[in-house]
Amino acid sequence: MHLEMNKITVSASIGGKTITIETGRLAKQADGSVLVTCGNNMVLVTAVSSRKESTLDFFPLTVEFQEKFYATGKIPGGYFKREGRPTNNATLTARLIDRPIRPLFPEGYRYETQVVATTLSYDGTFPLEVLASLGASTALHISDIPFNGPAAAVQIARIGGQLVLNPSSTQLEQSDIDMIIAGTRNGIMMVEGESKFISEAETVAALKFGHESMKAFFDMQDELREKFGNKAKRNFTPPKMDEAFEKEVEAFLTPKINAALRMRVKLDRYAAVDKSKKEAEEKFIAPLAGDKDLMTQRKKELSTIVENIKYKVARFMILDDKVRIDGRDTKTVRPIACEVGFLPRAHGSGLFTRGETQVLGTVTLGTGEDEQMIDALGGLEKKKFLLHYNFPPFSVGETGRMGGQSRREIGHGNLAERALKAVVPDFEKFPYTIRVVSEVLESNGSSSMGTVCSGILALLDAGVPIKGNVAGIAMGLIKEGDRIAILSDILGDEDHLGDMDFKVAGTREGITSVQMDLKIDSITLDVMDQALRQAKDGRLHILTEMEKVMSKARGEISQFAPRIETIKIKPEKVREVIGAGGKVIKGIIEETGVKMDIEDDGTIHIASSDPAMTKRAIEIVNAICAEAEIGRVYKGKVVRIMDFGAFVEIFPNTQGLLHISEISNERVRQVTDVLKEGEEVEVKVLDIDRAGRIKLSRKAILEANA
């Protein structure tokens, strides 16, 4: 039986690469399903939205990105030999897909929606994030799910001063910009990336190039939707509350919440809002006790009204009164306090406090054995710089589950790691694996940027010779029609009630990482340019405050950190140092207690907290690798006696022949009359033949001393 496939495809050449989107062949029971292809790279993306409304008071959207190892012809590592929980990369990619599409669903949409992107084939020549993001928007766009698309994402690199669209993994290694930019036809909605000290103007140029490059992606989605029949969207009317009830509650609560939002301390502010809400419940909800259904409905409506009032009051305080929730103007950064050397046993520590956000950063220095091995689609990856971000519930005065990392923690840690990675010294100059851990102790706005600042202080305290000091700042936006206010160093409430969260980190010389998310449809490049310039002023202010406490790395590393000495031997000697089955190197480690990392090019890193043992290990390695020189005298050990002479070991695994005629000035009848096995004896190298055989003499030394 032949099953008819109603496959529909669209294709376009974008940046010199042909991209194809098809639907109608795979996963046809999903509300929307597309296969996005570029060369050997294929991602299947599906979208399904429940037809039953959720009882949750937020939009339950989940996005999953599945890495399948068969996509690269590999079997996963580990005991079970199958894909397990999402890797950090999969989680970060899912977040990249989620962030630009979430604001494009209708306000009040409460139907559980799931987008799943599955990697089917990958060869490293095209970024999967771009294909997956394009597929997510397309699957939603062609379906009947309410969605105000299309959206798209592109990846931007810069190689030799030239901007490159959707680079391969090989091209990214040569680039000084790695940026994912997402948006709609109206403008940019999301930015995530890292760079090597680029200017604000260069950042805007990259953003402009990225947005202009998206046009073909939007056209492809519209074309596929039209070919697919322009499926009508589901009827959805945002829920409306009783107007009389809404007006009554607003009149009662607005002055109370207005007063509460002018309190400077976060917990006092929250307590005042909660108190006002309880008073409203007693006045408007308690009398409805006889009608449980109506009471439940009114409670939900009251919560919505409270949030709406907070939203309006906070925004118009800024636009009309030019005053923010905590009393600042739009450009002022909250008070900053810094400490270093806070922890006695950590290799480095820094405490950074900005307003009511406080982050403790720590640094641990390890050896090559401590580097992270990642079983990734593109092959085995090694990481020598790690940053881990922890956000416990007590940091916001709450209780909650502890253990494991949330998607948010993984995302914030990745942003901070990207910000600091640009200044971490090259491994050849500082041969340590470096782990930075961020412990958020208090949070009221941008703990990720606090992580950047505390991380730099900890690196300086640890004596790491970084290439420059980095600070980060979070910018916000309030937009009502043509009225705009850009906010420096936003509070948590300003993030929640505002229209933008734009994080920028960098040195005095330039930007090292950016992240932007919008809650509105898009913003223009002019607004982004203004935000970047205002962010630079804030960043330089924060750097000045940090550098009052510590501006340069300590002259030496912690006494508790391993000392690493690096030596170089000939590559052909590596096998001798390792020995059969690792016998030789294990012996060195057992004798000295050091850690040793040997690279194929002959570089050896020897780590120990005991300088004497490091010196001893180096002596042993040098002895193993030493080569005999004609004319030099060595102290050796007789290892074997033959009728015609003795074999003397002058270095480990290096022996020479001391012929019976070269043992003494006098005639020797038997070698054992003069020498015994195990005896130490001074010998001189007379000759080394082409085969590397060494001719030794004891007689030459005796004659010279006579």
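## Close-up views of a predicted model

**View 1. Parallel pairing of β16 and β17.** Strand β16 pairs with strand β17 (residues 433-442) in the parallel sense, over six bridges. Leu-387 has Val-436 of β17 as its bridge partner. The coordinates shown here and in the following views are those of a predicted model.

View 2. Five strands form an open sheet in the order β11-β12-β13-β17-β16, and their pairing is mixed. The edge positions are held by β11 (336-340) and β16 (385-390); each has a single partner strand, so one side of each is left without a neighbour in the sheet. From one strand to the next, the twist averages 15°. Helix α12 (residues 525-547) packs on this sheet, where it touches β11 and β12 (348-354). The direction of helix α12 makes about 40° with that of β11.

**View 3. Salt bridge between Glu-192 and Arg-418.** The structure holds 50 salt bridges. In one of them, the side chains of Glu-192 and Arg-418 meet at 4.0 Å, N to O. Glu-192 belongs to strand β10 (residues 187-198) and Arg-418 to helix α9 (residues 407-421), so the contact ties together parts that are 226 residues apart in sequence. Glu-192 has a relative accessible area of 5% and is buried. Arg-418 also counts as buried, at 16% relative accessibility. Both residues belong to a network of salt bridges that links Arg-99, Asp-178, Glu-192, Glu-194, Arg-418, Lys-421 and Asp-517.

**View 4. Salt bridge between Arg-262 and Asp-321.** The side chains of Arg-262 and Asp-321 form a salt bridge with an N to O distance of 3.2 Å. Distant parts of the chain are linked by this pair, the two residues being 59 residues apart. Arg-262 is in the loop between α6 (243-260) and α7 (266-285), while Asp-321 is in helix α8 (residues 292-321). Arg-262 is partly exposed, with a relative accessible area of 38%. Asp-321 is partly exposed as well, at 40% relative accessibility.

**View 5. Salt bridge between Lys-519 and Asp-495.** Here the side chains of Lys-519 and Asp-495 meet in a salt bridge of 3.6 Å, N to O. Lys-519 lies in the loop between β21 (511-518) and α12, and Asp-495 in helix α11 (residues 492-497), so the pair ties together parts that are 24 residues apart in sequence. The relative accessibility of Lys-519 is 44%, which counts as partly exposed. For Asp-495 the value is 28%, and this residue too counts as partly exposed.

View 6. Phe-105 and Tyr-109 are both buried. A further pair, Tyr-111 and Phe-236, is edge-to-face, with 6.3 Å from centre to centre and 85° between the planes. Tyr-111 sits in strand β6 (residues 111-121) and Phe-236 in the loop between α5 (215-227) and α6; the pair links distant parts of the chain, 125 residues apart.

**View 7. Charged side chains over aromatic rings.** The charged end of Arg-408 sits over the ring of Phe-391, at 4.2 Å from the ring centre. Lys-283 lies over the face of Phe-284, and here the distance to the ring centre is 5.6 Å.

**View 8. Surroundings of Lys-573.** Lys-573 is placed in the loop between β22 (563-568) and α13 (574-578). With a relative accessible area of 10%, Lys-573 is buried. Leaving aside residues up to four places away in sequence, Lys-573 touches Ile-624, Cys-625, Ala-626 and Glu-627. Lys-573 and Ile-624 are 51 residues apart in sequence, and their C-alpha atoms are 8.3 Å apart in space.

Key. Residues numbered from 1 in each chain as written. Predicted model: local features only at pLDDT ≥ 70, side-chain atom pairs only at ≥ 80, totals over all residues. Heavy atoms only, no water. Pairing = 2+ DSSP bridges. Helix = DSSP H or I, 4+ residues; strand = E, 2+ residues; numbered from the N terminus. Axes fitted to C-alpha atoms, helices over the stretch in contact; angles between N-to-C directions. Contact = heavy atoms within 4.5 Å. Buried < 20%, exposed > 50% of the residue type's maximum accessible area, 1.4 Å probe, protein only. Phe/Tyr/Trp six-rings, centres within 6.5 Å; stacked < 30°, edge-to-face > 60°. Lys NZ or Arg CZ within 6 Å of the ring centre and 35° of its normal.
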